[in-house]
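Reader: I would like to go through this model and ask what stands behind the terms used for it. Please show it first.

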Amino acid sequence: MTSSAFHRTITLPAPVCEQAAHHLEHAVQKAIDGAATPWRAFRGADGGDFAFSVPVVEQAAGCLLVLAAESAQSLRPSALRALITVALHLRDAAEAVRRPAIPSTAW
């Protein structure tokens, strides 16, 4: 996973994008507020182009966490764990871009 603070985009691994698109589709079906925009972005990712804006990744993570909370009673534990794992991966990727770079030189 690579990121560029200048362009504020995040390049995600293909499997994460595919899983996010799958889960976001369920979020859209359940009418989770705000899920349609990231779902279209993840669904429309071309072959090797898995770069997304930071706000889209953050929105996707939030929608997936809401979906997990709303579906916790009806999902198998392994499916719930997979959903939460993708959401946290997206959230962590967005937070990594937002954190300031740590200087490599000592004071």
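Author: One definition is needed at the start: a helix axis is a line fitted to the C-alpha atoms over the stretch in contact, and the angle between two axes runs from 0 to 180 degrees between N-to-C directions. The model is predicted. In it, helix α1 (residues 14-29) and helix α4 (residues 77-98) pack at an angle of about 120°, and their axes are 10 Å apart.

Reader: How do you know which residues of α1 and α4 are in contact?

Author: Contact means heavy atoms within 4.5 Å. On the α1 side, Val 16, Gln 19, Ala 20 and His 23 meet α4, where the partners are Ala 82, Leu 83, Val 86, His 89 and Leu 90. As for the direction of passing, α1 crosses α4 in a left-handed way.

Reader: Which residues does α1 use to meet α3?

Author: His 23, Leu 24, His 26 and Ala 27 of α1 meet Ala 60, Cys 63, Leu 64 and Leu 67 of α3. By class, this contact of α1 with α3 holds 6 nonpolar, 2 polar and no charged residues. The two axes come within 10 Å and cross at roughly 65°, and α1 passes α3 in a left-handed crossing.

Reader: What makes a residue part of the lining of the largest pocket?

Author: A lining residue has an atom within 4 Å of a grid point of the pocket. His 22, His 23, His 26, Lys 30, Leu 67, Ser 71, Leu 75, Ala 79 and Leu 83 therefore line the largest pocket. Its volume is about 160 Å³. Two or more lining residues come from each of α1, α3 and α4, and the largest share, 3 residues, is from α1. The lining has 4 nonpolar, 4 polar and 1 charged residues.

Reader: Where is the confidence of the protein chain lowest, and where is it highest?

Author: pLDDT is the predictor's confidence in each residue, from 0 to 100. Strand β1 (residues 2-4) is lowest at a mean of 46, and helix α3 (residues 54-71) is highest at 96. Over residues 2-6 the pLDDT is below 50, and beyond near neighbours in sequence this stretch has 6 contacts in the model. The chain has a mean pLDDT of 87, with 83% of its residues at 70 or more.

Note on methods. Residues numbered from 1 in each chain as written. Predicted model: local features only at pLDDT ≥ 70, side-chain atom pairs only at ≥ 80, totals over all residues. Heavy atoms only, no water. Helix = DSSP H or I, 4+ residues; strand = E, 2+ residues; numbered from the N terminus. Left-handed = near helix turned anticlockwise from the far one by under 90°. 1 Å grid on protein atoms, 1.4 Å probe; cavity = no way out; pocket = protein on both sides within 12 Å on 5 of 7 lines; lining within 4 Å. Points joined across faces, edges and corners; volume = space filled by probe spheres on them. Nonpolar A, V, L, I, M, F, W, Y, C, P; charged D, E, K, R; others polar.
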